[in-house]
Amino acid sequence: MRRILVLAATHVLTLGLGFGLGVYFLPILIAPDDPPVEQVQTAMDDATYRTTFRRDLKGSDAVHWAEGKVSVSAHQVAFAGKMGPGPDYKVYLVHQFVDNKADFLKIKANAQRIGEVRTFNRFLVDVPANVDVNEFTTVVVWCEHFSKFISAGQYRTPG
């Protein structure tokens, strides 16, 4: 009986570990190529606003984080840096700086989702024509599927 319990426990642990590793590595394996460095740099040079994603925000953790330079223009949000890989990342513009899941969920209904992120070193997200980036102050990356805060950067002060 003890042997059966040990075998069952080790199989369940192995299955759980395999699932966890799959969730982590699958986005890396299926990610498209990052946009070219030159294209991202051009977007950053042409941007009206600049900010950074920091790895040490209250809502970031060892798996859910981003760090690097972010630029915001009327047409694109560009990022150059590193981001912890994951599925279903979305880019939002919000009216006030948030640095964790609870605060983002409080204002998510008024947030403007502008696009998806499928790459983890650089990204370019087109701002929809009907969105005025001047109405917002902060760009947020959020994992929609797991409801996880990734990072945020305030690109202008409210006012």
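I started at asparagine 100, which is buried, with a relative accessible area of 7%. For my notes, buried means under 20% relative accessible area, exposed over 50%, and partly exposed in between, with a 1.4 Å probe and protein chains only. This is a predicted model, so I note the limits: local features need pLDDT of at least 70, side-chain atom pairs count only at pLDDT 80 or more, and totals for chains, interfaces and linings use all residues. Residues are numbered from 1 along each chain as its sequence is written, and side-chain values use heavy atoms, with hydrogens and water left out.

**Entry: around asparagine 100**

Where does asparagine 100 sit? I found asparagine 100 in the loop between strand 4 (89-94) and helix 3 (101-107). Helices (H or I, at least four residues) and strands (E, at least two) are DSSP runs, numbered from the N terminus.

I then listed the neighbours of asparagine 100. Not counting residues up to four places away in sequence, asparagine 100 touches Lys58, Gly59 and Phe149. Contact here means heavy atoms within 4.5 Å. A polar atom of the asparagine 100 side chain lies 2.9 Å from the backbone nitrogen of aspartate 103.

I traced an open sheet of four strands in the order 5-4-7-8, with antiparallel pairing. Two strands pair if DSSP finds at least two bridges between them. Strand 5 (112-117) and strand 8 (148-154) are the edge strands, each pairing on one side only. From one strand to the next the twist averages 25°. For angles, axes are lines fitted to C-alpha atoms, for helices over the stretch in contact, and the range is 0 to 180 degrees between N-to-C directions.

I went through the pairings in turn. Strand 4 is joined to strand 5 by five bridges. Leucine 93 stands opposite glutamine 112 there. Six bridges join strand 4 to strand 7, where the partner of leucine 93 is valine 139. Strand 7 (residues 138-143) is joined to strand 8 by six bridges, and valine 139 stands opposite glycine 153 in strand 8.

**Entry: strand 4**

How many residues of strand 4 are buried? I count six of the six, so strand 4 is largely enclosed by the rest of the structure. Tyr89, Val91 and Leu93 point one way, while Lys90, Tyr92 and Val94 point the other way.

**Entry: threonine 138**

Threonine 138 lies in strand 7 and is buried at 0% relative accessibility. Its side chain makes a polar contact with the side chain of threonine 137 at 3.0 Å. A polar contact is a pair of N or O atoms within 3.5 Å; within protein, one must be able to donate a hydrogen and the other to accept it, and residues adjacent in sequence count only if both atoms are side-chain atoms. Leaving aside neighbours within four places in sequence, the contacts of threonine 138 include Tyr92, Phe97, Ala152 and Tyr155.

**Entry: nonpolar cores**

The largest nonpolar core has 25 residues, and Met83 and Phe123 have the most contacts inside it. Such a core is a set of buried Ala, Val, Leu, Ile, Met, Phe, Trp, Tyr and Cys residues joined through side-chain atoms within 4.5 Å. Apart from this core lies another, of eleven residues, among them Ile107, Val140, Phe149 and Ala152. I looked up methionine 83 as well: its contacts include Trp65, Tyr89, Phe123 and Ile150.

**Entry: aromatic pairs**

My search of the whole structure finds six aromatic pairs. Rings of Phe, Tyr and Trp (its six-membered ring) pair if their centres lie within 6.5 Å; planes under 30 degrees apart count as stacked, over 60 as edge-to-face and the rest as tilted. Tyrosine 89 and phenylalanine 120 are edge-to-face, 5.9 Å centre to centre with 85° between the planes. Tyrosine 89 is in strand 4 and phenylalanine 120 in the loop between strand 5 and strand 6, so the pair ties together parts 31 residues apart in sequence. Tyrosine 89 is buried at 1%, and phenylalanine 120 is buried at 10%.

The rings of tyrosine 92 and phenylalanine 104 have centres 5.2 Å apart and planes at 65°, so this pair is edge-to-face. It links strand 4 to helix 3, twelve residues apart. Phe53, Phe79 and Phe123 form one aromatic cluster.
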